[in-house]
Amino acid sequence: MPPTTLALIVALGSAAILGATDTVPLSGLDLTKLHQGWGRPVVDRSVEGNPISIGGRSFARGVGSHAPGVLRLDLDGRAERFGAWVGVDDETQGRGSVSFTVYADGRKSFDSGVLRAGDQPVRIDIDLTGVGSLVLVSGSAEDGMDFDHADWADAQFVMREGVPIAIDAPDEPKVILTPAPGPEPRINGPEVFAVRPGRPVLYRVPATGDRPMNFEADALPDGLTLDPWTGIISGTIADRAETIHPVTLRAVNDAGRAERELRFVVGPTLALTPPMGWNSWYIHYNRVTDADMRAAADAMIDSGMADFGYSYVNIDDCWMVKPGSTDAAIGGRPRAPDGTLLSNARFPDMPGLAEHIHAKGLKAGLYTSPGPSTCAGFAGAWEHEAIDAALFARWGFDFLKYDWCSYERVATGEGRERFVRPYRQMRDLLEPLGRDIVFNLCQYGMGDVWEWGGSVGQCWRTTGDLGVEQGGLLPGFYSIGLSNARHGAWAGPGAWNDPDYILIGWVGDARGMGVGQPTTLTGNEQYSYMSMWCLMAAPLIFSGDMTRLDAFTLNILCNAEVIGVDQDTLGVQGRIVRRTEDDLILAKPLADGSIAVGLFNLAEVPRQMTVTWDELGVEGERAVRDLWRQAPLGTASSHYQAEVPRHGVSLVRLHPTE
Ligand code: GLA
């Protein structure tokens, strides 16, 4: 018998005793399930099709991918080991960095740390005995994903039987956490309302509970009246000096009564809490019509959103004439002979539209650009700023978004001055107009706008458009949110960082200008989105379809305790307590001495997360309240710990117990 045959028999014999195994290469699995930030996974080659090479070492087999990437595998307890060499492919010529992580049944069982181009390959060798599910992750190591060519070289499984099955992310059911409001009255919204001396007041008391409801107010300042049936307060405060008028509001219905203080703060500062409302852009784009705006105002009342404090109904771009267009009514002329800006045929009656919105106790907003044209090519305010500002006030608008766009072509001045100039000019035109018009700067963060935006307007966009932001494994709102979170020091009452709109529900596609479709965000991602915006004291401006609001979307938008974090009168933006590849923790001090804390799990698997009192800078016992469920979670004295779903959040409020 030749020695090789003998060896084979011995080998087969021992396999029978130990249990036979098979080696299955990663490259043999269904790689269409490997979701990655750029390109497609390549078998036995780098992502660009070159031979796999890491730190000068070549590999004949493996999978070339691009971080960020994730592959989920069902092992069903049938695997013994997973082995691979990982690193950044040499084809990037010194660029790129990747971190490789492996989760076995939700526990991190391998973490390469940050590997850079040129680093030696790192060995993975994991015992998989009894493991049901495995998740392979390549992260872009927090410096963007450029050149993050992630190689899983010589990657293979040792299987007792069967093969690993590549699977999609598990379906996460969308669970409604927000308790439905009760039949009894509850007055919501912030405890302050700002108005400049002598300016018209319009305030609809936001209150949930069965209708009919009767509203009363004690100590309403002279000049204001309250409609007892609608709860709309209007008029002009006679007193022209800077004053604070504390008013007691009452709401009464068959099921009970509620009482709340509201302070009318007469002074120079508008938007003492972040503006709340809706904007047309991400659902109607250049198709927006007067009818869409009226329907949105109606829906803000009928859906109950206004009962939680949403009040601005804002037209975005595309209500004016597009120069040179064939707009039927006006032959493509953007202005009347005397220079007055014209609305296009889809907006036949701008003052009538504002009036429709006001009649519901809501506020009307619109949009223009300091440049000759808007981002979508419609007429801008360039060289007509004063006449346009006066027109907006005459029409009755209460909010102006001023979008840089084509101003780039005509901007003058050096350094920061170049960015400030058009906004300062419009502020100076808006302020004397006799109406309070909240001024929203939209210039995507240029010239470190957070440092000076508050001296010019009430809120300023800090980033590019959220809708076109393609995240990696995480949807784009995380990177926009993380960028916005860094500028907290500059926010305060009347001055808010604006990370763009809340894009959930039925919303235009991410490439922009598309027709609406249901959001692709998971339920947990939507809880994270709203929690992050509230912890950052961001304007809460929804931009999905107001006529297709479903119960889950309303549960995200309309939780009074969650909104209470955003609208807190202390007006401090939450600070970043911890930021790692897997964790984000934000904490926001609140006016009553409590702290709101959000633990965001950025990882691909559910995880236990903990925040300590040391990290939060507090001592002693705290009563912990779950804000999404509006339920107490007992007390804690040193830390708070929670199981947080994939891409989800635990949002709590910690109240001192003494
Ligand atoms: C820019 C803004 C968006 C939107 C569009 C309209 O992209 O950032 O929010 O207003 O213009 O054209």
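Visitor: In which handedness of crossing does α8 pass α9?

Guide: The crossing of α8 past α9 is left-handed, a term used if the near helix is turned anticlockwise from the far one by less than a right angle, with right-handed meaning clockwise. Helices (H or I, at least four residues) and strands (E, at least two) are DSSP runs, numbered from the N terminus. This is a predicted model, in which local features need pLDDT of at least 70, side-chain atom pairs count only at pLDDT 80 or more, and totals for chains, interfaces and linings use all residues. Residues are numbered from 1 along each chain as its sequence is written, and side-chain values use heavy atoms, with hydrogens and water left out.

Visitor: At what angle do helix α8 and helix α9 pack?

Guide: Two packed helices are described by the angle between their axes and the distance between the axes. Axes are lines fitted to C-alpha atoms, for helices over the stretch in contact, and angles run from 0 to 180 degrees between N-to-C directions. For α8 (residues 476-485) and α9 (residues 523-535) the angle is about 15° and the axes are 10 Å apart. That makes α8 roughly parallel to α9; angles under 35 degrees count as roughly parallel, over 145 as roughly antiparallel, 65 to 115 as roughly perpendicular and the rest as oblique.

Visitor: How do α5 and α7 pack?

Guide: Helix α5 (residues 385-395) meets helix α7 (residues 415-430) at about 45°, with axes 9 Å apart. The two are therefore oblique to each other, and α5 passes α7 in a right-handed crossing.

Visitor: Which residues surround the ligand?

Guide: A residue is near a molecule if one of its heavy atoms lies within 4 Å of it. Among those surrounding the ligand are Trp281, Tyr367, Cys375, Lys401 and Arg461. By class, the shell has six nonpolar, no polar and six charged residues.

Visitor: Which side-chain atom of aspartate 465 lies 2.5 Å from a ligand oxygen?

Guide: A polar one does, at 2.5 Å from an oxygen atom of the ligand. Ligand oxygen atoms also lie 2.7 Å from an N or O atom in the side chain of aspartate 317 and 2.8 Å from one in lysine 401. The protein covers 93% of the 310 Å² of accessible area that the ligand has on its own, by the Shrake-Rupley method with a 1.4 Å probe.

Visitor: Where is a cis peptide bond found?

Guide: Most residues other than glycine have a negative phi, and most peptide bonds are trans. Here a cis bond joins alanine 67 and proline 68, with omega about -5°; proline 68 sits in the loop between β6 (62-66) and β7 (69-74).

Definitions and conventions: A polar contact is a pair of N or O atoms within 3.5 Å; within protein, one must be able to donate a hydrogen and the other to accept it, and residues adjacent in sequence count only if both atoms are side-chain atoms. Ala, Val, Leu, Ile, Met, Phe, Trp, Tyr, Cys and Pro count as nonpolar, Asp, Glu, Lys and Arg as charged, and the others, Gly among them, as polar.
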